[in-house]
Amino acid sequence: MTRVIDFRLRPPLHTYLKTAIWEKSGYTKFNRLQGVEPAPSVLAYSADLMFEEMQAAGIEIGVMNGRQCNDFRGEVTNADLAKICNDFPDRFYALAGANPFRGKSNVQEAETFIREYGFKGIAFDPGGYDEPMFSDDPRLFDHYELCIKHDYPAVLTLGPMGGTGVDFGNALQVDRLAARFPELKIVVSHACWPYAIELCGVAARRPNVYLMPDMYHVGLPGEEHYTKAIETVAKNRFVFASAYPSRPLDLAVKGYKALPISAESLDDVLWNTAAKLLKLENNTP
């Protein structure tokens, strides 16, 4: 069985349950946006069922994104993510949440969780802070410098729901950021959907940009562009994620396995590229 790392998996544990994606209206909205129904584990709010679904889908590792938002998305504390990683070692890894409006101590907090708790990067929600911003806003630069220092990725949530309009998920901001920090590994969660072809163009120009369309890929407009990018402009820079609970795990994995790409490319998308970003010792399937 092909090994799988899910780079955006939000389990029904701790403060995740207080966020919009775990409200019935939230997970129902995002699943049905894709024309699918929520997974049984989501309807039951059951971590045990989620682990069964992970096993059935072949998902060995889930990557959790911390969140420090002031909009509808809410907050997932770094302390809670550390507890989950400790309770389920080698099953979950975490990205520290960040919020530039909380001052220098917020950068120090992220560094503490990277150094002392083994976090694997920083997750950003530019459109969800006290004041919505673009990802190349200078107020985020200290956090990006920290990612470079530890050689871990900056994972940006850029899609249609952040900020005050769809333009807050546009791809041009990623181009500017990648040019400003060429050593920064930038993973774009939601892959700037619906700006699919624009982000593919950015990936063609900027070798430090990684695509992760997650729930906005298979079955939605733009699928062809993202799929073609896997073996062309984003070769070895494309990462699988389900965005669970916003998409069922088995459906997410099966969707990628059905894409018209080579077995080698599928291994890269489902495991190899993510393993390298996480700096896992055993990074080949």
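These legends walk through several close-up views of one predicted model.

In this predicted model, local features need pLDDT of at least 70 and side-chain atom pairs count only at pLDDT 80 or more, while totals for chains, interfaces and linings use all residues. Residues are numbered from 1 along each chain as its sequence is written, and side-chain values use heavy atoms, with hydrogens and water left out.

View 1. Helices (H or I, at least four residues) and strands (E, at least two) are DSSP runs, numbered from the N terminus. Of the 285 residues, 62% are buried, where buried means under 20% relative accessible area, exposed over 50%, and partly exposed in between (1.4 Å probe, protein chains only). Take the contacts with a separation of 6 or more: 74% of them link residues 24 or more positions apart. Here a contact means heavy atoms within 4.5 Å.

**View 2. Helix H7 and what surrounds it.** H7 covers residues 172-180, and its buried residues are Gln173, Val174, Asp175, Leu177 and Ala178. They pack against helices H6 (141-150) and H8 (196-205), and also against strands E7 (154-157), E8 (186-189) and E9 (209-212).

**View 3. Strand E8, covered on both faces.** Ile186 and Val188 sit on one side, Val187 and Ser189 on the other, and all of them are buried.

**View 4. E7 beside E8.** These two strands pair in the parallel sense over four bridges; strands count as paired if DSSP finds at least two bridges between them. Look for Ala154, which stands opposite Ile186 in E8. Getting from E7 to E8, the chain goes through H7, and this β-α-β crossover is right-handed. That label applies if, with the strands pointing away from the viewer, the path from the first strand over the helix to the second runs clockwise.

**View 5. E8 beside E9.** Four bridges turn up here too, and the strands run parallel. Ile186 faces Val209 in E9. This time the chain crosses through H8 on its way from E8 to E9, again as a right-handed β-α-β crossover.

**View 6. Glu264, out on helix H11.** The helix spans residues 263-278. Is Glu264 buried or exposed? Glu264 is exposed, because its relative accessible area is 56%. Tyr16 is 248 residues from Glu264 in sequence, and their C-alpha atoms are 34 Å apart in space.
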